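Trainee: Can you go through this structure with me? I would like to start with the helices.

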Amino acid sequence: MTTRPGEGAEALEAPPLEPRSAAEIAADAELDAFWLELSAQVAAMSAEQVTAAAEHGAPIPPLPRPPESAAERRSRLDAEFVERFAALEAETSRIEGERRALMAEHLQRMIDQPGDTGAMLRELASFAAVEVGLASTTVERRMSDAWAIVTTLPAAHEAAAEGRITVSHLRVIEAETRPLREDEQLDAADRERVVAALVDAAECSSVSRLRSRAKQVVNDVLSTPLQVRHDAARQRRRVEVSDAGDGMAHLYAFLPALEAYAVHDRLTQAARGKPKEDLRSFDQFRADAFQELLLSGVVPEDLHGTSGIRVKPMIAIPAGGLCFDGTAAEAEAAGHRFPAMLDGKVIVDLDTARRLAGEASTWLRLFTHPVTGVAVTVDSYTPTAAQRHVLLGRDVRCRAPGCDRPARRADLDHTIAWSQGGETSLSNLAHICRRDHCLKHDSRWAVEQLPGAVLRWTSPLGQVIDDVPEPAGPVFTDMPRTRPRPPKRTAAQRRADQRAALDRLGRWDDPTTWTEPDPAVLREWHGAPLEPAAHGDPNAPPPPF
């Protein structure tokens with residue numbers, strides 16, 4: 001077996017080192033000493049002196065840096081990850097926006113051309129599908145969706161294309177504003193105003209919080225009352241099943257929101273009480289409890305019209321919608337459009353809210369700030385319970401950044417820990433879910449509670465997020481003036497106006513200066529004068545006193 005040059009043992013042999021002379025070693029040592037002295041001089045100079053020396057061509061060596069600690073390295077890598085992740089998300093949104101604009105442009109081109117638009121769309125979609133390896137129906141659906149977003153939601157499309165909101169935010173806005181586009185009685189200006197408000201909210205909130213906010217904003221502007229829409233949707237309730245493969249199936253139930261969330265909450269409560277030795281997960285236990293209840297339980301055919309749901313309603317004062325003497329449709333038509341909310345996330349119709357409130361044994365009156373709508377106090381005799389009630393009405397959800405878990409399933413956390421002297425007061429308590437509660441204590445996040453129950457979260461990277469409690473009641477805002485403000489007048493001008501007014505009216509103590517009243521004004525105030533009645537008329541009015 002023969003080997004080529006450079007292979008075998010010869011390849012492992014390092015080239016011989018050339019010996020260095022004493023003069024070369026001394027020159028290197030002298031150069032190292034020069035650079036050390038120059039670095040020390042540069043370190044002692046001010047920033048202006050270093051800049052001036054560099055402008056004159058002086059060699060500026062790199063300043064020696066202290067070794068990076070483990071904490072500094074972690075912070076640097078965390079900041080690099082967050083910066084790169086945000087840049088990729090913004091780039092993804094821009095690319096997706098460019099793709100949307102491209103598909104919408106060419107679909108509009110086919111709409112403007114004479115002929116069958118559907119046939120031309122199928123043909124173009126098949127060309128693109130073959131090129132990228134997708135189904136033609138998928139490309140066709142994407143083009144239709146892109147055209148709908150670009151033409152009906154231009155503000156949301158531009159915000160996503162510029163990277164100000166993510167694609168997930170855009171999908172939520174598109175899905176939640178669909179009823180607006182289907183409402184023919186709604187003005188285009190109202191649609192644009194709602195979309196603009198949701199885009200502003202999307203720039204500073206998570207996807208889940210945006211979805212909850214969008215439901216309320218959209219419901220406020222729809223021309224059809226919520227009760228009418230709920231009654232129509234309730235007629236479509238049903239149960240379906242579909243095969244999922246591997247011996248599994250999906251059981252789907254379309255139910256009113258309150259009952260659906262109540263069923264899920266009942267299963268969750270059962271899962272919370274499972275023994276510790278039970279190895280089933282939360283989801284597995286809920287699924288088993290669901291099927292055991294349906295298969296082994298009793299169908300309540302004789303209990304039709306009753307409810308197994310027990311609630312503790314918290315009524316925001318003023319509760320005009322709840323106490324309105326009339327039907328739910330009449331209440332909404334009269335302006336009581338502030339709907340009932342389930343855990344601050346799901347809108348509940350007024351009839352359902354009335355029924356549950358009537359069956360509840362305890363009511364809690366929640367007083368809200370007249371301007372901001374934030375919960376202030378609650379009438380309860382037990383102080384500890386009162387604090388829990390008002391905090392539940394104030395927070396509604398977890399107060400951690402981006403979290404939307406309901407407050408009733410969250411921990412009541414001391415912003416300043418009790419062990420560190422924190423008080424058990426409304427200004428030092430907030431609802432935080434268990435996951436974020438552990439994150440607050442086990443991570444480098446810092447939290448402080450500002451006036452107005454604002455939680456300020458500060459990350460070690462310098463990010464500052466202010467979580468503001470959402471209003472629990474109606475909010476009043478200043479409306480713009482419809483007419484310009486009158487010019488300011490001096491005291492002398494006001495006195496001159498008063499004298500002129502008195503001159504026009506005459507002196508009150510001199511009847512000869514009084515002006516004669518206008519007959520038209522007298523008729524407007526007192527009505528037409530009575531004509532004298534015929535003598536002996538039985539229907540004549542009695543004479544005046």
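The chat below covers helix packing, salt bridges and a surface patch.

Mentor: Keep in mind that this is a predicted model.

Trainee: Ok. At what angle do the axes of α9 and α10 cross?

Mentor: Roughly 160°, and the axes come within 10 Å. Helix α9 covers residues 188-202 and helix α10 covers residues 207-221. That angle makes α9 roughly antiparallel to α10, because angles over 145 degrees count as such.

Trainee: Which residues make the contact?

Mentor: On α9 they are R193, V194, L198, A201 and A202. On α10 they are L210, A214, V217, V218 and V221.

Trainee: And is that crossing left-handed or right-handed?

Mentor: The crossing of α9 and α10 is right-handed.

Trainee: What about α4 and α5, at what angle do they pack?

Mentor: About 115°, with the axes 8 Å apart. Helix α4 spans residues 117-132, and helix α5 spans residues 136-152. Their crossing is right-handed. Among the residues that meet there are L121, L124 and A125 in α4, and V139 and M143 in α5.

Trainee: New topic. How many salt bridges does the structure hold?

Mentor: It holds 25. One of them joins R209 and D467, with the closest N and O atoms 2.5 Å apart.

Trainee: Where do R209 and D467 lie?

Mentor: R209 is in helix α10 and D467 is in strand β12, residues 464-467, so the pair ties together parts that are 258 residues apart in sequence.

Trainee: Last one. Which residues form the nonpolar patch on the surface?

Mentor: V239, V241, L251, L294 and L295, with about 560 Å² of accessible area together. Strand β1 (238-245) and helix α13 (282-296) each supply at least two residues of the patch. L294 is found in α13.

Key:
Residues are numbered from 1 along each chain as its sequence is written. This is a predicted model: local features need pLDDT of at least 70, side-chain atom pairs count only at pLDDT 80 or more; totals for chains, interfaces and linings use all residues. Side-chain values use heavy atoms; hydrogens and water are left out. Patches are made of residues with over 30% relative accessible area and no salt bridge: like charges are joined within 9 Å, nonpolar side chains (Val, Leu, Ile, Met, Phe, Trp, Tyr) within 5 Å. Accessible areas come from the Shrake-Rupley method with a 1.4 Å probe; for residues, only the protein chains shown count as cover. A salt bridge is a side-chain nitrogen of Lys or Arg within 4 Å of a carboxyl oxygen of Asp or Glu. Helices (H or I, at least four residues) and strands (E, at least two) are DSSP runs, numbered from the N terminus. Axes are lines fitted to C-alpha atoms, for helices over the stretch in contact, and angles run from 0 to 180 degrees between N-to-C directions. Angles under 35 degrees count as roughly parallel, over 145 as roughly antiparallel, 65 to 115 as roughly perpendicular and the rest as oblique. A crossing is left-handed if the near helix is turned anticlockwise from the far one by less than a right angle, and right-handed if clockwise. Contact means heavy atoms within 4.5 Å.
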